[in-house]
Amino acid sequence: MAPLLLFLAVTYLWPFLGVVKWSFTLPEPGLGQYGALITDPLVQSVFIRTLRICIVVTIASVIAAYAITVVWVRGTPAQRMAAEFCILIPFWISVLTRAFGWVALLSNRGLINTWLQGIGFISEPLALVRNEFGVIVGMTHFLVPFAVFPLASAMRNLDDRVLLAARGLGSSRTRTFWTIFVPMTASGIIGAAAIVFVFALGFFVTPAILGGGRSVMVAELVWLRIFQSPDWGLGAAISVVLVLFVGALMAVLFRYVRPRQLI
Amino acid sequence: MPKNARAAEIKAIGIGKSFGHFRALNDLTLDIGRGEFLALLGPSGSGKTTFLMILAGFLPPSDGRLFSDGVDITDRPAELRAAGMVFQGYALFPHMSVEANIAFPLKVRKRPAAEIRQRVAEMIARVGLKGHETKLPSQLSGGQQQRVALARALVFEPGVLLLDEPFSALDKSLRGQMQAEMKRLHQETGTTFVFVTHDQSEALALASRIAIFNHGELLQVGTPEEVYDRPANRFVAEFLGEINMLPLNNVRQENGAATGLCEDRTITVRGATDVTGDAVLAVRPEYMTIRSEAESGENGIVATTTASTYLGAATKLDLLTRQGTRLTVSVPNDVAATALRGGNSVWLTWPAERGILLAR
């Protein structure tokens, strides 16, 4: 444990303290950059977009992951295998490859648009990528597997007899699912949602590629401020706010969910 | 027996269940009467729980048909069978209060809210859970959880209540109390009760009839007195309490009585049996008496005392016959003291109608 903490302190904490210092000193000492965060309409719009995308991605990922996990934990052996592939294969492919894969599928001359045009369903290509939609699709695809594990742990801990009891008392399968199964896996849903949301907040590569510069999220904004503008002070201030926000979310999460339930 | 129009009458005909190559239940035919309190008794893996799950509709039988009040319900799913079920470990809904747990079957049946409130309150009073209405199951003791499970299973007035090892999770003192309460609930509701147990004393104390299972076979069904005093085979005899087994040779049937030889003495057995040839004679320890002499024509055997255990109300004696059969008897303490003082050899005697003749 100790060497790991030391490693994190040297590679992460120390540089981050440098970033904190920039946020208070560049271009001149003071709280000017934090003031700009509140007043700058561009920063505001990026923050709002980031929250919006993260909320939609969290909901979509948890719903998709829930469906996959039900099959993975409670399906027949063949169904379990299929679900396992769905969960594991994305883990083995780089985030970059996956993002470009989605571009190939979603772009104007991509598979989906050509196919839909081919069968005469649409005449003009749908705008599926280089916008928020593309970002949401790509991020959801990336994050679903992370939502699966806390859900699986919650579903595995569930006593089957409770489900049998509900059915024996006259409850249909659908009703049992909604009134017994889902509430009893609520801790898994909270854990999965928190993990996905926190991950999503800091996404960079996927939104950069699938957003095509039109759907900038916080991490990309930091990158733009530091490498393109250059406006290191503002970039640093945004970073600090993002880290504090994530830290606060994690603190709230761990009050309600034990870390063991997340893996 | 209490009468209840809603109590179900169940008929199982040739029910069998296989799990792959394993035959969990074989050709079971059984009638369960209206308002009966039936125990399914047997060791673990004997098929009793499998049969209960088939009754509840959680397991489809591989063979046979199941009828409830004359209607074939073999293929009817569990949620449409209206059987109340109390699971081992109770299987309460952990995220629902006591009230919500008990209201669940009524809500599922879309009863009016006022009726639900009233019946839940009645049920809570009946099982003695007043003051615990808003608690979660995790805040209750084992006995209270079982009361919730019972209330939840009975609140919708099911035709039959199925209970899977209902007392196994309770400590001994609480078990007796809950058994009494179960008996009272059975009398008050008049519903057909079917419960699974591996504890023979529980079955004898509670049930109006006992069905005894072993290796997936239904061996015998009868009242507690019938299965205890007239076991159909050695397994049933040995499973239900202590019993002494003696080899009995050259058994012949004459005038409604059987006679045979046991350690050079002629032994008479009276009672319905058609076993002949070499058989086994079974006698419950409490029917055996210790004497210094046996009268001629009386059933008796000579044995030596090997050990005695003081049980408070009585003394248990371990004995050994001349040909090496081990026996136990339970006798009053003063009789045991006399027997032990009188030296090694004693006569054990028993009435002819207390002997049970079984195939070897």
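This short talk goes through ring pairs, charges over rings and salt bridges in one structure.

The model is predicted, so local features need pLDDT of at least 70 and side-chain atom pairs count only at pLDDT 80 or more, while totals for chains, interfaces and linings use all residues. Residues are numbered from 1 along each chain as its sequence is written, chains are lettered from A and ligands numbered from 1 in the order in which they are written, and side-chain values use heavy atoms, with hydrogens and water left out.

Rings first. Rings of Phe, Tyr and Trp (its six-membered ring) pair if their centres lie within 6.5 Å; planes under 30 degrees apart count as stacked, over 60 as edge-to-face and the rest as tilted. By this rule there are 21 aromatic pairs over all chains. A:Phe91 and A:Phe146 have ring centres 5.2 Å apart and planes at 80°, so they are edge-to-face. A:Phe91 is in helix H4 and A:Phe146 in helix H7, 55 residues apart. Helices (H or I, at least four residues) and strands (E, at least two) are DSSP runs, numbered from the N terminus.

Buried means under 20% relative accessible area, exposed over 50%, and partly exposed in between (1.4 Å probe, protein chains only). A:Phe91, at 35%, is therefore partly exposed, and A:Phe146, at 22%, is partly exposed. In chain B, the rings of B:Phe58 and B:Phe87 have centres 5.8 Å apart and planes at 35°, which makes the pair tilted. B:Phe58 and B:Phe87 are buried. Back in chain A, ring pairs join a cluster of residues, including A:Trp72, A:Phe91 and A:Phe146.

Next, charges over rings. This requires NZ of Lys or CZ of Arg within 6 Å of the ring centre and within 35 degrees of the ring normal. B:Arg152 lies over the face of B:Phe93, 4.5 Å from the ring centre. B:Arg354 has its charged end over the ring of B:Tyr287, at 4.0 Å from the centre.

Last, salt bridges: a side-chain nitrogen of Lys or Arg within 4 Å of a carboxyl oxygen of Asp or Glu. Which residue forms a salt bridge with B:Arg209? The partner is B:Glu36, with the closest N and O atoms 2.3 Å apart. B:Arg209 lies in strand S9 and B:Glu36 in the loop between strand S2 and strand S3, so the pair ties together parts 173 residues apart in sequence. B:Arg209 is partly exposed at 23%, whereas B:Glu36 is buried at 5%.
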